[in-house]
Amino acid sequence: MFDPLTEPLRYGFMVRALIVSVLVGAMCPVIGAYVIARGRAFMGDALAHSVLPGMVVAFMLGFSPLAAAVPAGVGIAALMGYISRKTGVSEDTSVGIVFAGMFALGLVMLSIARNLTVNIEDLLLGQVLGVTPTEVYLSLVLAGLVIAGLYAIHRVAVYATFDPVSAEVVGIPVSLVDYALLTLLALVIVIGIQAAGIVLVMAMLITPAAAGHLIARRFVPGMIAGAVIGSISAIAGLYMSYYINVPSGPAMALIATGAFALAAAYKRRAF
């Protein structure tokens, strides 16, 4: 008997895609809650674009793009924070400089690389259906590191997010907390790029988190609500991709946007 829920799971590539999609849907809004609270939505978009050179290097050497994107993302996140603190330029200015420069470098590397079979559309829009077992395991490890990292710094991160001046006064190393959050953000973006791609990972990072923020009045319940919305959006987008043959990344982003619209309508009626 045909079952639309289990039918796609007869294929190994769909099972792998489902695992990664759930990770993306859950992890992106969790870290996205901190990004929204800090007013750094542009940071996530910039990081996603800036890891392109590292991914191209991995393709040229025959490695998984995740293998190079992880150190590249962490290094670029630290560089963005360093430029802002050491040069005196505003944070969004330093982010914009690194974003434009690194993305341009990646595009130039793609144009001059020979015998490179990578499809630029897959990089930009995501190709979760093509993830390998190794990439699934690596994504699980990265997700575990993010969860452990957030658990370790959650209290001080929330304090530094909502009242950085008082946090400095009581001895919390705000700069170190900022670097830690940037590192965790970079790891989540690396996971998200597989499913949503460089262009659309921003949607999975911000949109479900914003919807969760509208539904819940407190920070942690908002994170949980965002993770639920993100997971549902990712799974629904994956099934949409299977049944009506649309790119999975854009499908996930569209469903997440619809969820935000419903959350906005709910809040308007509730208040």
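The loop between α10 (219-244) and α11 (248-270) is where N245 is placed, with helices taken as DSSP runs of H or I of at least four residues, strands as E runs of at least two, and both numbered from the N terminus. Phi of N245 is near 55 degrees, a positive value in a residue other than glycine. N245 counts as exposed because its relative accessibility is 70%; here exposed means over 50% relative accessible area, buried under 20% and partly exposed in between, with a 1.4 Å probe and protein chains only. The structure is a predicted model, in which local features need pLDDT of at least 70 and side-chain atom pairs count only at pLDDT 80 or more, while totals for chains, interfaces and linings use all residues. Residues are numbered from 1 along each chain as its sequence is written, and side-chain values use heavy atoms, with hydrogens and water left out.

Stepping back to the whole chain, the secondary structure comes to eleven helices and zero strands, and the order from the N terminus is α-α-α-α-α-α-α-α-α-α-α. The radius of gyration of the protein is 18 Å, close to the 18 Å given by the globule rule for 271 residues, so the protein is as compact as a globular protein of that length. This radius is taken over C-alpha atoms, and the rule is 2.2 Å times the number of residues to the power 0.38. Along its principal axes, the C-alpha trace spans about 65 × 55 × 30 Å.

Of the 271 residues, 49% are buried. Among contacts (heavy atoms within 4.5 Å) with a separation of 6 or more, 78% join residues 24 or more positions apart. The accessible surface, from the Shrake-Rupley method with a 1.4 Å probe, is about 12,900 Å², and carbon and sulfur atoms hold 68% of this area.

The interior can be followed through its nonpolar core, defined as a set of buried Ala, Val, Leu, Ile, Met, Phe, Trp, Tyr and Cys residues joined through side-chain atoms within 4.5 Å. The largest such core has 77 residues, and I31, L47 and L185 touch the most other members. Helix α9 (residues 174-215) provides the largest share of this core, 22 residues. Leaving out residues up to four places away in sequence, I31 touches L150, L181, L184, L185, V188 and L205.

I76 is buried, since its relative accessible area is 6%.

Helix α1 (residues 12-37) holds A26, which counts as partly exposed because its relative accessibility is 21%. A26 and I224 are 198 residues apart in sequence, and their C-alpha atoms are 8.5 Å apart in space. Apart from neighbours within four places in sequence, A26 is in contact with A227 and S231.

Finally, Y137 belongs to helix α7 (residues 133-162) and, at 57% relative accessibility, counts as exposed. Y137 and Y243 are 106 residues apart along the chain, with 26 Å separating their C-alpha atoms.
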